[in-house]
Amino acid sequence: MNKKHPGGEPSPPISPTRPAPSPDHGDATATPASAADPKRWWALAVIALAQLMVILDGTIVNIALPSAQRALGMPDADRQWVITAYTLAFGGLLLLGGRIADLVGRKRAFVIGLAGFAVASALGGAAAGPGTLFAARALQGAFAAVLAPSALSLLTTTFTDPRERAKAFGVYGALAGGGSGAGLLVGGLLTEYLNWRWCLYVNVPVALAALIGAQVFLRDRSGPRGGHLDVPGVLLGSGGLVALVYGFSEAGPRGWTSPWVAAPLMAGVILLAAFVWWQHRAAGPLLPLRIFRDRSRAGAFATMGLATIGMFGVFLFLTYYFQAVLGYPPVRTGLAFMPVSVGIVIGATQIAARLLPRTAPHTLMASGMVLAAAGMVLLSRLTVHAQYVPHVLPGLLLVGLGMGLTFMPVYATATVGVPTQDTGAASAALTTVQQIGASLGTVLLNTIATGAAGRHSRAHGPADSGTALAEAMVHGFSVAYWCSAGVLLLAALVAALTVRRGKPSQAGSKPSA
C-alpha cells in the first residue's frame, strides 16, 4: 500500500530556511541527523575524494592517449576506444548502479565501486596490449557507475541541515564541474614527467585511501531495503543508454548519416521509450518515475542536461586551440584550463553555497548560465594571434564561475526531498543526464565546428598553408561557441521558469512501501 501523509496529501515544499525532513522519516520534521554526527565532515572528504577520482578519469587519459597508442601499437581506428569504453560502461550502467545502491546499501555499494575501480585501474596501467587496456577502461566505467550514485546518495542522506547541506553540495558541485579540467592538467603532468601508465596507476592509492576512510567515517543512513532488481528495466534502460552513448561517440569520426551512427541512436530511442513504458508498470522499477513529478526537480534535471551540452565542447575545442594553434605542450595545456576549475570552485563553494540558504535556487542557476554564456561569447572572439591573459582568460573565468553557480544548486535541488529508498536511483539519474549531455554536446558542437571550418576553407580558397588551416579551425570553434552560448541561455530560461523558490517535495508523490 502507498504510505500517505496525514490528510492524504504530500509534504509541502521545503523552504530554504526550514530544516529538511529526516532522511529516515520522510514526512517527519526532526533534528537533522547530520547535526548529531561528528564525523560528517570527514565523511564529506571521503566522498569528495572518490568523486574526484571518477571525474578525473573522464579526461585524465586524453593527453596521455598519444603516448599509450605508441607504446601499445594501437591503430588509429581503435584509439577512441580508450575513451569510449569508459563512457559507454559508465553512462550505460548508471541506472543499474543507482538501484544497486538502493538495494544493498549506499556504503556497501560505495566500497564495492571503490575496490573495483582500483583493481580495474591497476589492470589498465599494466596493460601489455590494446585489448587489455580497452577492457580495463570498460571495467573502470562499470565500477564508476556503482560508485558515483552511491557517493551522491551518501552525501544526500548525511547532510540534511540546510546550511551544512549547501556547503557540502558546494564542494560536490565544484568537483563535478572542475574535475574534468583538473584531469587534463594531471594527465599532462603524469605523462610528461612519469609515464602514461601512471594516469591509471594513480587511482590505486587514491582508492585505497578512500576505502580506509569509508570504513572509519561513513554511515549508511538507509531506510528500508529489500525488493528485487527490475531485470527488464535493466536490459531496456542500460541497453538504451549504451546505444545512445555509442551512437554519439561514433558520430564524430563516421558522420551522422553512417548506419553505425543512425542505427544505435534509433535503437537507443526505442529502447528508452520502452523503458519509460515499463517503469510505469513495474512493481519495483529501476527508476521510479515519481522522482520527476515535482516541477523543480524536473527543471533541475533539464538544466543540468543543457548545461553539460553547452559546456563540454569547450574542453575539446580549447585543447586543439592551445596545442594546434598556439603550440602549447601538454603540461601548459593542462595549466591553461585551470582557471575554469578555479572559477567553478569559487562559484560553487564561496558564492552559491553561501547564497543558497537564503536565495531562490532558480536565481543562482539562471545567473550562472547567463555568466557562462557571456564567457562563451568572449571565447568566440578568439583569433589565431590571440594571447592567453587578455583574450582567453576572461572567458574561461566567466565559464567557470557560471558553472559553479549552476552545478551546486542543481545537485541540491535535484536530490532533496527524495524518499530514502529512491536516493540511489535519483542520484544515478542526475549523473546519467550529465553524462548523456556531455556526450551529446561534444558530438553536436564538434560537428558544428567541423562544418563551419569546412565552409570557411571553401569560401577562402584551398587551405594550403598552416595559417589558413588554423584560421579555418578557429572560425569553426567560434561558431560552436556561439551555439554553446545559445544552449546555456536556454538552460537559464528553463531554470527560471521551472524551478520554484522552495525545494522539491517528496519526489512529487507518495513513496511506495
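Biologist: Great. What should I keep in mind about where it comes from?

Modeller: This is a predicted model, so local features need pLDDT of at least 70 and side-chain atom pairs count only at pLDDT 80 or more, while totals for chains, interfaces and linings use all residues. Residues are numbered from 1 along each chain as its sequence is written, and side-chain values use heavy atoms, with hydrogens and water left out.

Biologist: How many helices and strands are there in the chain?

Modeller: The chain has 18 helices and zero strands. Helices (H or I, at least four residues) and strands (E, at least two) are DSSP runs, numbered from the N terminus.

Biologist: And what share of the residues counts as buried?

Modeller: 58% of the 513 residues. Buried means under 20% relative accessible area, exposed over 50%, and partly exposed in between (1.4 Å probe, protein chains only). Among contacts (heavy atoms within 4.5 Å) between residues at least 6 apart in sequence, 84% join residues at least 24 apart.

Biologist: Which residues touch the most other members of the largest nonpolar core?

Modeller: Phe110, Leu114, Leu155, Leu318, Tyr321, Phe322 and Met403 do, in a core of 121 residues. Helix 16 (residues 388-415) gives the most to this core, with 12 residues. Another core, of 15 residues, lies apart from it, and its members include Ala64 and Leu190. A nonpolar core here is a set of buried Ala, Val, Leu, Ile, Met, Phe, Trp, Tyr and Cys residues joined through side-chain atoms within 4.5 Å.

Biologist: What is Phe110 in contact with, beyond its neighbours within four places in sequence?

Modeller: Val46, Ile47, Ala50, Leu147, Ser150, Ala151, Leu154, Ala214 and Leu218.

Biologist: Changing topic, how many salt bridges are there?

Modeller: The count comes to three, where a salt bridge is a side-chain nitrogen of Lys or Arg within 4 Å of a carboxyl oxygen of Asp or Glu. Arg40 pairs with Glu164, with the closest N and O atoms 2.9 Å apart. That pair links distant parts of the chain, since Arg40 is in helix 1 (residues 40-56) and Glu164 is in helix 6 (residues 162-193), 124 residues apart.

Biologist: Are those two buried or exposed?

Modeller: Arg40 counts as buried because its relative accessible area is 13%. Glu164 is buried as well, at 15%.

Biologist: What about the salt bridges of Asp102?

Modeller: Asp102 meets Arg99 at 3.2 Å, N to O, and Arg106 at 3.4 Å. Arg106 is buried, with a relative accessible area of 1%, and Asp102 is buried at 4%. Shared partners join Arg99, Asp102 and Arg106 into one network.

Biologist: Why are Asp102 and Arg99 separated by about one helical turn?

Modeller: Because they are three residues apart in helix 3 (residues 81-104).

Biologist: One more residue. Where is Gln279, and which side chain does its own side chain make a polar contact with?

Modeller: Gln279 is in helix 10 (residues 259-281), and its side chain makes a polar contact with the side chain of Asp230 at 3.0 Å. A polar contact is a pair of N or O atoms within 3.5 Å; within protein, one must be able to donate a hydrogen and the other to accept it, and residues adjacent in sequence count only if both atoms are side-chain atoms. Gln279 counts as buried because its relative accessibility is 4%.
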